[in-house]
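Please read them with the structure open beside you.

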Amino acid sequence: MLIGKYTNTLDPKGRVIIPAAFRYDLKEKFIITKGIEKCLYIYPEEEWISLVDRLKKAMPSSKEANRKALRFFSSNAAECELDKQGRILIPQHLREYASLSKELLFIGSLNKVEVWNPEFYEDADAEEVGAMLEEMDIEF
């Protein structure tokens with residue numbers, strides 16, 4: 001399970017060490033793509049395949065808005081493999097999208113990892129999450 005919060009530094013070539021706590025669940029090959037909130041998403045390969053299947057079923061490509069949403073994720077996706085030092089190269093266009101420069105924040109989000117510029121990350125507070133769970137009738 002992908003949980004926790006970690007920081008690491010981007011090197012001048014655009015490489016970053018994936019936190020050790022995430023490597024087991026991400027396995028050897030995974031996908032990095034644009035996220036919704038100016039962050040990046042890293043999906044384990046199996047989770048990416050599952051997401052693609054769900055998107056194709058829920059979003060028929062006969063609708064223009066669906067095609068745009070599908071392209072948002074797929075055209076910006078890149079396959080990643082760790083090098084011997086546990087690093088990946090984040091493509092330049094993804095670094096620019098998420099405004100990643102030096103320090104990166106890795107957030108475990110259960111089924112994926114989010115990569116943030118720490119200046120843009122805003123954690124939800126307990127009251128906000130509590131209200132949302134209450135509205136969904138989920139007891140925590």
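1. Contact here means heavy atoms within 4.5 Å. The model is predicted, so local features need pLDDT of at least 70 and side-chain atom pairs count only at pLDDT 80 or more, while totals for chains, interfaces and linings use all residues. Residues are numbered from 1 along each chain as its sequence is written, and side-chain values use heavy atoms, with hydrogens and water left out.

2. Start with Ile 32. Leaving out residues up to four places away in sequence, Ile 32 touches Leu 40, Tyr 41, Ile 42, Asn 76, Ala 77, Ala 78, Cys 80, Ile 88, Ile 90 and Leu 94. A nonpolar core is a set of buried Ala, Val, Leu, Ile, Met, Phe, Trp, Tyr and Cys residues joined through side-chain atoms within 4.5 Å. Buried means under 20% relative accessible area, exposed means over 50%, and partly exposed lies in between (1.4 Å probe, protein chains only). The largest nonpolar core has 22 residues, and Ile 32, Leu 40, Ile 42, Ile 88 and Ile 90 are the ones that touch the most other members. At least two residues of this core come from each of α1 (20–26), β3 (29–34), β4 (40–44), β5 (78–81), α4 (92–97), β7 (103–108) and β8 (113–116). Helices (H or I, at least four residues) and strands (E, at least two) are DSSP runs, numbered from the N terminus. There is also a second, separate core of 12 residues, with Ile 31, Met 59, Phe 73 and Leu 105 among them.

3. How do β3 and β5 run, and how many bridges join them? They are antiparallel and joined by 4 bridges; two strands pair if DSSP finds at least two bridges between them. Opposite Ile 32 stands Ala 78 in β5. In a regular strand the side chains alternate between the two faces of the sheet. In β5 the covered face has Ala 78 and Cys 80, and the uncovered face has Glu 79 and Glu 81.

4. Helix α2 passes a length check. Its 14 residues (45–58), at 1.5 Å a residue, should span 20 Å, and the end C-alpha atoms are 20 Å apart, so the two agree. The expected span is 1.5 Å times one less than the number of residues. Which residues of α2 are buried? They are Trp 48, Leu 51 and Leu 55. These cover an arc of only 60° around the axis, which puts them on the same side of α2; the arc is that of the directions from the helix axis to the C-beta atoms. The cover over these buried residues includes β3, β4 and α3 (64–74). On the face of α2 turned away from the buried side are the exposed residues Lys 56 and Lys 57.

5. Most residues other than glycine have a negative phi. Lys 27, in the loop between α1 and β3, has a positive phi of about 65° although it is not a glycine. Lys 38, in the loop between β3 and β4, has a positive phi of about 60° and is not a glycine either. Lys 38 is partly exposed, with a relative accessible area of 46%.

6. Side chains of opposite charge can pair when their charged atoms come close. A salt bridge is a side-chain nitrogen of Lys or Arg within 4 Å of a carboxyl oxygen of Asp or Glu, and the whole structure has 5 salt bridges. One of them joins Lys 27 to Glu 46, with the closest N and O atoms 3.6 Å apart. Lys 27 is in the loop between α1 and β3 and Glu 46 is in helix α2, so this pair ties together parts 19 residues apart in sequence. Lys 27 is partly exposed at 46% relative accessibility, and Glu 46 is partly exposed at 43%. Another salt bridge is between Glu 47 and Arg 54 (3.9 Å, N to O). Glu 64 and Lys 68 also form a salt bridge (3.6 Å, N to O); being 4 residues apart in helix α3, they are separated by about one helical turn.

7. Finally, compare sequence distance with distance in space. Thr 7, in strand β1 (residues 5–9), is 111 residues from Pro 118 in sequence and 8.6 Å from Pro 118 in space, C-alpha to C-alpha. Asp 25, in helix α1, is 105 residues from Gly 130 in sequence and 28 Å from Gly 130 in space, C-alpha to C-alpha.
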